[in-house]
Amino acid sequence: MSFLTLNSLSKIYGNFTAVDAVDLEVSKGEFVSLLGPSGCGKTTTLQMIAGLAEPSAGTVTLDGREITREKPNRRGLGIVFQTYALFPHMTVAQNVSFGLEMRKVGRAERDRRVAEALALVKLDRFADRYPRQLSGGQRQRVAIARALVIEPPVLLLDEPLSNLDAKLREEMQFELRRIQQTVGTTTIMVTHDQGEALSISDRVVVMEHGRMTQADVPAAVYDHPATEFISSFIGKMNNIPGIALKLGIRAHGVILPATDCPATEGESAVLSLRPERITIVPAGQGHLHGVVSARFFFGSHWLFNVDTAVGQIIVSWPNTDGSLPASQGQPVGLSWLPESARVSARTQETSRIDA
Amino acid sequence: MTARTSSTPWFLSLPGLIFFLGMVVLPLTLTAVLSFHAYDFNIGVLDSYTLSNYTTVLSDPYFLSIFWRTLRIAFITTVLCVVIGVPEAYILSRMWNPWRSIFLLVIIGPLLVSVVVRSFGWSMLLGSTGLISKASIMLGLGPVRILYSEAAIVIALVHVMLPFMIIPVWTAIQKLDPGLEPAAWSLGASRFTAVRRIILPQISLGVLSGSLIVFGLSASSFAIPGLLGGRRLKMAATVVYDEYMHELNWPLGAAIAFIVLVANLLIMLAYNRMIEAKARKVLG
Ligand SMILES: Nc1ncnc2c1ncn2[C@@H]1O[C@H](COP(=O)(O)OP(=O)(O)OP(=O)(O)O)[C@@H](O)[C@H]1O
Ligand SMILES: [Mg+2]
C-alpha cells in the first residue's frame with residue numbers, strides 16, 4: 001500500500017521540461033533517495049512534494065488524500081533544506097520549537113518534545129546556542145530535529161549532507177539512517193552522491209533529464225543498471241562498445257563473453273563490466289590481454305589501469321593480504337565470469353554521449 | 001620601523017583630514033563662536049560675548065513651537081517611511097526582473113529630480129486650485145487645500161525619503177537565506193506569520209538604520225518646508241535661513257542652528273545606541 005504517490009508529476013518552466021511525468025510510490029517508513037546529475041530535476045520534484053513549486057501536471061497523494069494544490073503550511077511535511085535555513089535570530093531550542101508553536105502545542109509539552117528531539121540528534125547540550133555558534137554537522141542535526149519534532153508524515157531532505165566535509169559526511173550518513181530508523185518516518189532524500197544513495201536508502205530512484213529512469217533497491221541499481229548512463233553514473237564501469245554476439249560481443253576482433261545478453265545479434269552493443277568483477281591472471285590466460293599502465297592505492301583496494309586492444313580497462317583488486325597481482329608495465333591477462341558482464345543495445349543517446 | 005608604519009595611516013588620511021577640518025570643523029567652530037556674540041539691530045554683530053541668544057531662543061514660544069514642529073514632522077515622516085517602505089522593500093525583493101529594475105527606478109526616481117521641480121509639482125497637485133482640490137470639488141466635498149500645511153511637508157518629505165528607507169531594508173532582505181520563508185511555511189507558519197516572526201526580526205537593523213537617515217535628513221530639510229510650508233509654517237532650517245537672510249541677526253541664527261544640531265545629534269546618538277545593542281543581539 002503506497003503512502004506517498006506521485007502520479008505523472010511534471011514541471012515545465014517556459015518551454016523547458018524540468019520534471020517529466022514522474023511516477024513514484026513510496027511505502028510508509030521507507031527511505032527513498034532521488035539520485036541524479038546536477039540539473040536533472042531532483043530539487044524541483046522535492047519542491048512539488050513539499051508544495052514549494054506548483055506542478056504543471058500530475059498529482060501528489062499522501063495517505064489517500066490528494067495534496068497537489070495544498071499550501072506548504074497545510075501539508076505538515078518536514079523539510080531539511082540544502083542550506084539548512086535555520087532561523088539565525090533564534091536559539092537551537094527556539095528553532096526546534098517553532099513548528100510546535102505554530103501548531104499551538106502547550107508550553108510544557110513543547111519543552112518536552114524539543115528536549116526529546118534534541119536528544120535524538122545528540123544536541124541536548126546545545127539548546128541555548130545560536131545557529132552561528134554551531135559547526136556544520138551540528139547545524140544539520142538542528143535542521144533534522146526541527147523537521148522531525150512536528151512528527152511529519154514524510155521527511156524531505158534536499159542534499160542534506162552536501163555542505164559537509166567527507167569524513168563528517170560519512171558519519172552523518174549513518175547518523176541520518178539511525179535517526180530515520182528510530183523514528184520510522186517515511187523519508188525522501190535528494191542527492192547527487194551515488195555512494196550516499198546506495199549506502200543508506202531502502203530504494204534508489206535515478207533521474208535523468210527530468211525523467212525517472214530506474215527505481216529499485218540499491219544492489220539492483222548497482223548490479224543491473226537500466227541504462228548505460230546509470231551504469232557509469234553509479235560506481236565505476238567499463239563500457240566496451242562492439243558488435244553483439246549470442247553470448248557476448250566482438251570488439252576489435254576479440255570475443256568478450258557475457259551471459260546477460262539481451263541485444264540483437266549483429267547489432268552494435270556495449271558490454272558493461274564492473275572493475276571489481278575482473279580478475280588479473282597471468283599473461284596469456286583470460287579473455288583479454290593488456291599491459292598495466294598505472295596503479296593506484298585506495299587503502300581497501302587497488303585500482304589498475306590496463307591498456308588492451310579494446311581500450312583502457314579499469315580493474316579493482318581487494319587489499320586482502322597485501323599481495324599484488326601485477327606491477328606497472330607488466331603484461332597481464334584479464335578474466336571474468338560471463339555472468340558478471342552485461343550487454344546492452346547501443347542506443348542513439350548513449351552513442352551521442354560517447355561522441 | 002614601528003614608528004614609520006604607525007605614521008603611515010595618518011599620512012594617508014591627511015587629505016581627508018584636511019578636507020574634514022576645513023569644510024566641517026572650521027565652519028562649525030565659527031558658527032559656535034558666532035552664536036555667543038552679542039547683536040545690536042542698529043550696529044550689527046558686536047565684539048562682546050553673551051548667552052542671551054540661547055536664552056532668547058529657548059524661552060521664546062515661537063522658536064520652541066518651531067523646534068517642536070520640526071521634531072514632529074521628522075518623526076511622522078520617519079514612521080510613514082517605515083510603514084510604506086518596509087512592505088515595499090519586501091515586495092520589491094520578491095519581484096522578478098524586469099519588474100524589479102523598473103520599480104527600483106520608480107522608487108529612486110524622486111532623487112533624480114531637482115527638489116525645486118519636485119516641490120513645484122507637489123504644489124500644483126496640492127494647492128487650492130490643484131488636481132486634488134478639483135477632484136474633491138467634483139465629488140461635491142468642497143475645495144481642499146493641503147498646500148502650506150504640515151501635511152504637505154510630510155507628503156513631500158515621505159516621497160523623497162522613501163528610497164533612504166527602502167534601500168537599506170532591501171539590502172537586509174537580500175542578505176537573508178531565501179530558504180528561511182519556505183522553512184517557516186513547512187513548519188506550519190502562514191505567509192504573514194513567516195514575515196513577522198522570521199523576516200522582520202532579521203531586517204530590523206536595516207529598518208533602524210533607514211529610520212536614522214530619514215529622521216536626520218527630514219529634521220534638517222530646508223527646501224521642502226520652504227517651498228511647501230509657505231511663509232507661516234517654519235521648520236528649524238527655514239527659520240535659521242530667516243534669521244540670517246531677513247533679520248540679519250546672524251548670532252541668533254547661529255544659536256538656533258547649534259541647538260538644532262545638538263538636539264539632532266543627541267536623538268541620533270541615542271538611537272544609534274539602540275541599533276548597536278540590537279545588532280549585538282542579532283549578530284552576536
Ligand atoms: N525557476 C526556474 N525557472 C526556469 N528553470 C528552472 C527554474 N528552477 C529550476 N529550473 C531548471 O530546472 C532544472 C532542474 O532543476 P533542479 O533544481 O530540480 O535540479 P537538481 O536536480 O536539483 O540539480 P542540483 O543537483 O544541481 O541541485 C534545471 O535545469 C534548472 O535550470
Ligand atoms: Mg538541487
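A residue is called buried here when its relative accessible area is under 20%, exposed when over 50%, and partly exposed in between, with a 1.4 Å probe and protein chains only. By that rule, 42% of the 284 residues of chain B count as buried.

Some housekeeping. The model is predicted, and local features need pLDDT of at least 70, side-chain atom pairs count only at pLDDT 80 or more, while totals for chains, interfaces and linings use all residues. Residues are numbered from 1 along each chain as its sequence is written, chains are lettered from A and ligands numbered from 1 in the order in which they are written, and side-chain values use heavy atoms, with hydrogens and water left out.

I will stay with chain B. Its secondary structure comes to 13 helices and two strands; these are DSSP runs numbered from the N terminus, helices being H or I with at least four residues and strands E with at least two. Along the principal axes, the C-alpha atoms of chain B fill a box of roughly 80 × 75 × 30 Å. Take the contacts in chain B with a separation of 6 or more, a contact being heavy atoms within 4.5 Å: residues 24 or more positions apart account for 67% of them.

Next, the records. UniProt positions are in the numbering used here, feature names are shortened, and annotations may be inferred rather than shown by experiment. In an unreviewed entry, UniProt gives "domain: ABC transmembrane type-1" for residues 67-271 of chain B. That stretch is 78% helix and 0% strand, with its end C-alpha atoms 19 Å apart. The unreviewed UniProt entry also lists "transmembrane region" spans in chain B, including 12-39 and 146-170. Residues 12-39 of chain B are 79% helix and 11% strand, and the end C-alpha atoms lie 43 Å apart. For residues 146-170 of chain B the figures are 84% helix, 0% strand and 32 Å.

For chain A, UniProt lists "domain: ABC transporter" at residues 4-234, again from an unreviewed entry. Here the chain is 38% helix and 26% strand, and the end C-alpha atoms are 26 Å apart.

On a 1 Å grid over the protein atoms alone, a cavity is a set of points where a 1.4 Å probe fits but cannot get out; a pocket is an open set with protein on both sides within 12 Å along at least five of seven lines; and lining residues have an atom within 4 Å of a point. Grid points are joined across faces, edges and corners, and a volume is the space filled by probe spheres set on the points.

The largest pocket holds about 700 Å³ of space. Which residues lie nearest its centre? They are Gly51(A), Leu52(A), Ala53(A), Pro182(B) and Trp185(B), out of 29 in the lining. Helix 1 of chain A has the largest share, four residues.

The whole structure has one cavity of 30 Å³ or more. Among the residues lining the largest cavity are Ile144(A), Leu155(A) and Gln180(A). Helix 6 of chain A supplies the largest share of that lining, three residues.

Last, cysteines. With a disulfide taken as a pair of cysteine sulfur atoms within 2.5 Å, the search over all chains finds zero. Cys40(A) counts as buried because its relative accessibility is 2%.
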